[in-house]
Amino acid sequence: MKIEKYSFKSESKQLLNLMIHSLYSNKEIFIRELISNASDAIEKSRFMLLSKEKILNNNIKYEIKIYLDEKNNKITIRDNGIGMTKKEVIKNLGTIAKSGTKNFIKSIKNNKKNNFIGKFGVGFYSAFIVSKEVHVNTLSIHNNKTKNSIIWKSSGDGKYSIEKSKKKNVGTDVILFLKNSENYLTNYYTIKNIIKKYSDHIDIPIKIKKYNKNNKTHEWKQINSSEALWTLEKKNISKEKYINFYKYITNDNFDPIIWSHNKVEGNIEYTMLLYIPSKAPWDIWNREKKGGLKLYINKVYIMDDVEQFLPNYLRFVKGIIDSKNLPLNVSREILQTNKNIETIKKIITKKILILIQKIDKKKYITFWKEFGSIIKEGIAEDIENKQIISNLLLFSSINTNSTKKYLSLNEYVKNMKKFQKNIYFITSDNYKSAKNNPHLEIFKKKEIDVLILHERIDEWMMNYLTEFKGIKFQSVNKFDETFDKTINKNIEKNKKKIERIKHIATKIEKILKNKIKKVNITYRFSETPVALTTDSNEMSTQMAKLFSAAGQKIPKIKYIFEINPNHKIIKMISKISNEKNFKQWTKMLFEQAILNEKGSLTEPNKFIKRVNNLLTKNIS
Ligand code: ADP
Ligand code: MG
């Protein structure tokens, strides 16, 4: 085979440049990336032999060896992992950012801290931050007999070449020809410190060849402590080690908020190490992307992103689970049907919910901002833990001036008025319009707090969240007779008033007969003449909006038309004798109410015409 030449995709060139420049201040991470790849390759080899030959401890002595060549300004990182075939080299190293995307370029541009590196499969290319040329000499485990090894070469300038090589042992050498400015990286202590910092917990020995001045020989020194962190006693693991391990398994640059490390003994034995990140990944809403835990069986890595251990609403949780009881030939399919998994999942779920409750108050706000709307899914998804989840929820309310107030249900309940029977809430697609909604007038007047729910998921969640500690939730947009009774101390007096105005209500009902369910006379409003509510069994406006945004057909909502007999306009129209005129006023008021409820009208021009007509006409 002669030398074959290839070029990266044009997008890749751009990406490579961006990455090299934006990561320069953090350049030492290339070691972490290359060691992580070497360790992945070794884990793959271990797992392959395990599933093929059903041997847990094969005889291969896995290790990662680092050769420092000060004279030639060169570093080699050698692993005896799975290696790559030619096809794999082209596929894995020929496409930068396999998940391929503008998204990545965007995020790397916007994010100076670059906590994205690695997540997109650009880890390997960090080698070019410090190297003028990189060679990858590799022999795949599948080619062990033919010794068909190959070498990949690139200067990171958009092109690479592939040719035959003479590698005898399965595995991969990554050879870095350092830029002149980076020659200090060939120093034993420099590299040792970087490895200690980033890769200490990797459970494969990482060795560096060290020159011994005394007897003038070279010797291999193991750098990392090489223990699977989760198998150690909790008391022997420092905070820093936990954090470093988190960063290693997630490629996150931010510290986790909190973690929990537990060994479960009994019928099913397993260890779990669970972390709550402090930032949501940019693609947390991508439903196709699986989140999940890393699965190990008896310290042997099995697979990533095993989502079967987590309910969907906790998909942001990271960590590992190591079990002794799962079959060695475990696959995703087996996981789906294995009974033990369900049990483990239940315990993990509880553990995480308890862990979240332990987050201190200040950090909890950060947590809520990042993951609150995902936690809300749990109210519908996890009936068993609904009570605990509802304790986690935070809301804004009308007693606050911004969306930034975070009120828990416990706090709300504590501040409830003596005569107040329900937890009141309003749903809307934005905070401002919810806050100015006429339904809230009476609550503001009586100083009753109302939760403001303005996220997309809220309306859906409230279908499942019907009570908290025995107190029912009540939407202020829904017709609520009990409330009218609670606040109306002068019911008798009002009754007479209502009698007097009833004929108007009947007249209005006739005019709007096809559009509304009924007219209700209410004393809830002060500044608003009319408003709409829905019956408790009717779909709410907000829900209807969500459905139609999702392209679903929805039945027409039949509203209750609430009129405020104390309002000037209602008093005024009750004196109108001209039928036609009265009809115009009624329709205009109805349209006003719709506008308030929905934020828009189907035929705004008709409404404007009507208003203008009425404005220019004398009442007779
Ligand atoms: P990631 O590790 O996130 O997949 P990288 O850019 O770090 O992305 O590596 C790209 C791919 O190249 C890896 O997924 C792996 O398939 C392959 N690879 C890199 N280094 C090695 C290695 N030392 N041995 C075998 N395969 C490797
Ligand atoms: Mg990698």
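**Reading burial, pairing and enclosed space**

Me: Glu538 is buried in this structure, with a relative accessible area of 16%. Which cut-offs separate buried from exposed?

Reply: Buried means under 20% relative accessible area, exposed over 50%, and partly exposed in between, with a 1.4 Å probe and protein chains only. This is a predicted model, in which local features need pLDDT of at least 70 and side-chain atom pairs count only at pLDDT 80 or more, whereas totals for chains, interfaces and linings use all residues. Residues are numbered from 1 along each chain as its sequence is written, chains are lettered from A and ligands numbered from 1 in the order in which they are written, and side-chain values use heavy atoms, with hydrogens and water left out.

Me: With which residue does Glu538 form a salt bridge?

Reply: A salt bridge is a side-chain nitrogen of Lys or Arg within 4 Å of a carboxyl oxygen of Asp or Glu. The partner of Glu538 is Lys517, with the closest N and O atoms 3.0 Å apart. Lys517 belongs to strand E21 (residues 516-521) and Glu538 to the loop between strand E22 (530-533) and helix H18 (541-549), so the pair ties together parts that are 21 residues apart in sequence. Helices (H or I, at least four residues) and strands (E, at least two) are DSSP runs, numbered from the N terminus. Lys517 itself is partly exposed, at a relative accessible area of 37%.

Me: How many salt bridges does the structure hold?

Reply: There are 24 salt bridges. One of them joins the side chains of Lys86 and Glu4, at 3.1 Å from N to O. Because Lys86 lies in helix H3 (residues 86-93) and Glu4 in strand E1 (residues 4-7), this pair ties together parts that are 82 residues apart in sequence. Lys86 counts as partly exposed, at 29% relative accessibility. Another links Arg610 to Glu591, whose closest N and O atoms are 2.9 Å apart. Here the two residues come from helix H21 (residues 604-615) and helix H20 (residues 579-598), so parts 19 residues apart in sequence are tied together. Arg610 is buried, with a relative accessible area of 13%, and Glu591 counts as buried at 13% relative accessibility. Lys61, Glu63, Lys65 and Lys207 are linked in a network of salt bridges.

Me: What span does helix H7 reach?

Reply: The expected span of a helix is 1.5 Å times one less than its number of residues. H7 (residues 239-250) has twelve residues and reaches 17 Å from its first C-alpha to its last, close to the 16 Å expected. Its buried residues are Tyr242, Ile243, Phe245, Tyr246, Tyr248, Ile249 and Thr250. Asn251, with a positive phi near 65°, follows H7.

Me: How many cavities does a search of the whole structure find?

Reply: On a 1 Å grid over the protein atoms alone, a cavity is a set of points where a 1.4 Å probe fits but cannot get out, and lining residues have an atom within 4 Å of a point. Grid points are joined across faces, edges and corners, and a volume is the space filled by probe spheres set on the points. The search finds three cavities of 30 Å³ or more. The largest cavity holds about 90 Å³, and its lining includes Ser39, His201, Trp230, Phe245, Tyr248 and Ile249. Helix H2 (29-53) and H7 are the elements that give two or more residues to this lining, and H7 provides the largest share, three residues.

Definitions and conventions. 1 Å grid on protein atoms, 1.4 Å probe; cavity = no way out; pocket = protein on both sides within 12 Å on 5 of 7 lines; lining within 4 Å.
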